Amino acid sequence: MTRTRRLISTVAVVAALGAATACGPEEDTATGSGASSQPSAKPSAGSGGNGGNSGSGSADNGGGDCGQPPKLPAGHKMVEVAAPPSKGSMSAKDAKPACTPNDWIYRGDGKANYYLFSENVKAELATGGGATKTVPVGELWTHAGDCMTNSSAVKSPYSCSGNIYDITLDSEGKVKTIKEIWHS
């Protein structure tokens, strides 16, 4: 009988500790300056994202376990690639922040938009832990397509991480910069 009580007490303590540590991040790590490769950056209402969220918090007013969502730098937009990009274009949905047990993440929402790439687009792929590597845009197109159709073709230091990209557009509405957002 004593063993059973000890086992039940141990399980209860472990469960309580696990629940206490799974409540979300202690502090917001996004700085709001420059393009962040962290998955916790969220669009503000003024930068094209109206909030929207499938978790317990609201992107408009923060709250929930995630706290206040940080704002993207002016001119930046998060998108989820909807189909493998082809030469010079891609189809992508606007990505909106969603509060999850681990932090804010982005998810594509609504109808996909069609984007053209500018002639001198700057492309970056995630190499893990928030780091990126500048690559030719064709390599980014191949990577995004492989992540959608054949993830085993993706080789280190790259991995597939949800097909979420931070983009900026030029004055003609063409993609000027595109950076893969890494998250675990």
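A salt bridge is a side-chain nitrogen of Lys or Arg within 4 Å of a carboxyl oxygen of Asp or Glu. Keep that in mind for this tour of a predicted model.

**Stop 1**

Select aspartate 109 and lysine 96. Their side chains meet in a salt bridge, 3.1 Å from N to O. Aspartate 109 sits in strand β3 and lysine 96 in strand β2, so this pair ties together parts 13 residues apart in sequence. Aspartate 109 is partly exposed, at 40% relative accessibility.

Now select aspartate 94 and lysine 77. Here the salt bridge spans 3.2 Å, N to O. Strand β2 holds aspartate 94 and strand β1 holds lysine 77, so the pair ties together parts 17 residues apart in sequence. Aspartate 94 has a relative accessible area of 23%, which makes it partly exposed. Lysine 77 is partly exposed too, at 24%.

Move on to glutamate 172 and lysine 174. They form a salt bridge at 3.7 Å, N to O. Glutamate 172 is exposed, with a relative accessible area of 61%, while lysine 174 is partly exposed at 27%. The whole structure has four salt bridges.

**Stop 2**

Nonpolar side chains tend to be buried together in soluble globular proteins. Select Met90, Phe117, Leu140, Tyr165, Ile167, Val175 and Ile178. These have the most contacts inside the largest nonpolar core, which has 21 residues. Color β1 (76-81), β2 (89-99), β3 (104-128), α2 (137-149), β5 (164-169) and β6 (175-180): each supplies at least two residues of this core.

Zoom in on methionine 90. Beyond its neighbours within four places in sequence, its contacts include Val79, Pro85, Tyr115, Phe117, Ile167 and Ile178. Then look for a second, separate core of six residues, among them Met78, Tyr106, Ile164 and Ile181.

**Stop 1: helix α2**

Select α2. This helix has 13 residues and reaches 18 Å from first C-alpha to last, close to the 18 Å expected. Its buried residues are Val137, Leu140, Trp141, His143, Ala144, Gly145 and Cys147. They pack against β3, β4 (131-135), β5 and β6.

**Stop 2: the disulfide**

Cysteine 160 is partly exposed, at 33%. The structure holds one disulfide.

Notes. Residues are numbered from 1 along each chain as its sequence is written. This is a predicted model: local features need pLDDT of at least 70, side-chain atom pairs count only at pLDDT 80 or more; totals for chains, interfaces and linings use all residues. Side-chain values use heavy atoms; hydrogens and water are left out. A nonpolar core is a set of buried Ala, Val, Leu, Ile, Met, Phe, Trp, Tyr and Cys residues joined through side-chain atoms within 4.5 Å. Buried means under 20% relative accessible area, exposed over 50%, partly exposed in between (1.4 Å probe, protein chains only). Helices (H or I, at least four residues) and strands (E, at least two) are DSSP runs, numbered from the N terminus. Contact means heavy atoms within 4.5 Å. The expected span of a helix is 1.5 Å times one less than its number of residues. A disulfide is a pair of cysteine sulfur atoms within 2.5 Å.
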